[in-house]
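Q: Could we go through this model together, starting with the overall layout?

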Amino acid sequence: MSDLVCPKCGKKSSEAEFIESFCSGCYPVKIKTPDRFELEQCTRCSKVHLRGDWAPYNARKLSDYIIGKCKGDFSSAGYDADRQVAVFIMMGNNAKIERLIPLDLKKTICLQCSRMSGGYFEAIIQLRGDPIKVLGHSGMLLKRLSKKKTFIAKEEEKDGGLDLYVGNSKVVVELMGELGLKTLITKKLVGRDQGKRLYRTTFLIRL
Ligand SMILES: [Zn+2]
Ligand SMILES: [Zn+2]
């Protein structure tokens, strides 16, 4: 069998992989990919910034996001972050085409980590009453809060009870709703940040 010769670069089919009459590097396909992709990563918690959200690195989500920025006649595709290559399966002939999309990791600090290091917090959960119940509730609350998008700034024994300082107050409202816990809520204006009013909310729970 005689060799095929790529009409574009002159490579022979004995030297390179061929798709129809072209070598795989010259095979004419309509694919548009981003030149590169910049991904912000937090140096403290290693979360990455995707779709306006900070979340743990997830290869599948990153792939979906990058492929979403590619256009062309492909039926499926995936991004391989290790090789920094997007692999496309073309419509019609199922040819496999690869395109390099360099991934630039930009080291930064996410909002939560910067707030945490700055001693910022929006909510105080005050647990008061029976010491055994206070201990039990604080353990349960800390566990539930650790699964939400916030952080615990500090824990403090106070007035015979316990205060939990929490980064985000909306998350606390949400959790109280989920648990059906009765709380006495007080809101205090504590200052301004770039013109925005800053409130601190106290959630008093009697046990
Ligand atoms: Zn070629
Ligand atoms: Zn972080």
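**Layout, cores and backbone**

A: The domain assignment, an automatic or database one, divides the protein chain into domain 1 (18-110) and domain 2 (119-206). This is a predicted model, in which local features need pLDDT of at least 70 and side-chain atom pairs count only at pLDDT 80 or more, while totals for chains, interfaces and linings use all residues. Residues are numbered from 1 along each chain as its sequence is written, with chains lettered from A and ligands numbered from 1 in the order in which they are written.

Q: How far apart are the C-alpha centres of domain 1 and domain 2?

A: The two centres are separated by 41 Å. The C-alpha atoms of the protein chain occupy a box of roughly 90 × 35 × 25 Å along the principal axes.

Q: What is the radius of gyration?

A: The protein chain has 27 Å, whereas a compact globule of 207 residues would have a value near 17 Å. The radius is taken over C-alpha atoms, and the globule rule is 2.2 Å times the number of residues to the power 0.38.

Q: And how many helices and strands are there?

A: There are 4 helices and 16 strands. These are DSSP runs numbered from the N terminus: helices are H or I with at least four residues, and strands are E with at least two.

Q: What share of the residues is buried?

A: Buried residues make up 15% of the 207 residues. A residue is buried if 20 or more other C-beta atoms, placed from the backbone, lie within 10 Å of its own, exposed if 12 or fewer, and partly exposed in between.

Q: Which residues have the most contacts inside the largest nonpolar core?

A: They are Ala123, Ile125, Leu164, Val166, Val172 and Phe203, in a core of 13 residues. Strand 12 (123-128), helix 3 (131-146), strand 14 (161-166) and strand 16 (196-206) each supply at least two residues of this core, and strand 12 gives the most, with 4. A nonpolar core is a set of buried Ala, Val, Leu, Ile, Met, Phe, Trp, Tyr and Cys residues joined through C-beta atoms within 7 Å.

Q: Changing topic, where is Glu20?

A: Glu20 sits in the loop between strand 1 (18-19) and strand 2 (22-23). Its phi is positive, about 50 degrees, although Glu20 is not a glycine.

Q: Is Glu20 buried or exposed?

A: Glu20 is exposed, with 9 other C-beta atoms within 10 Å.
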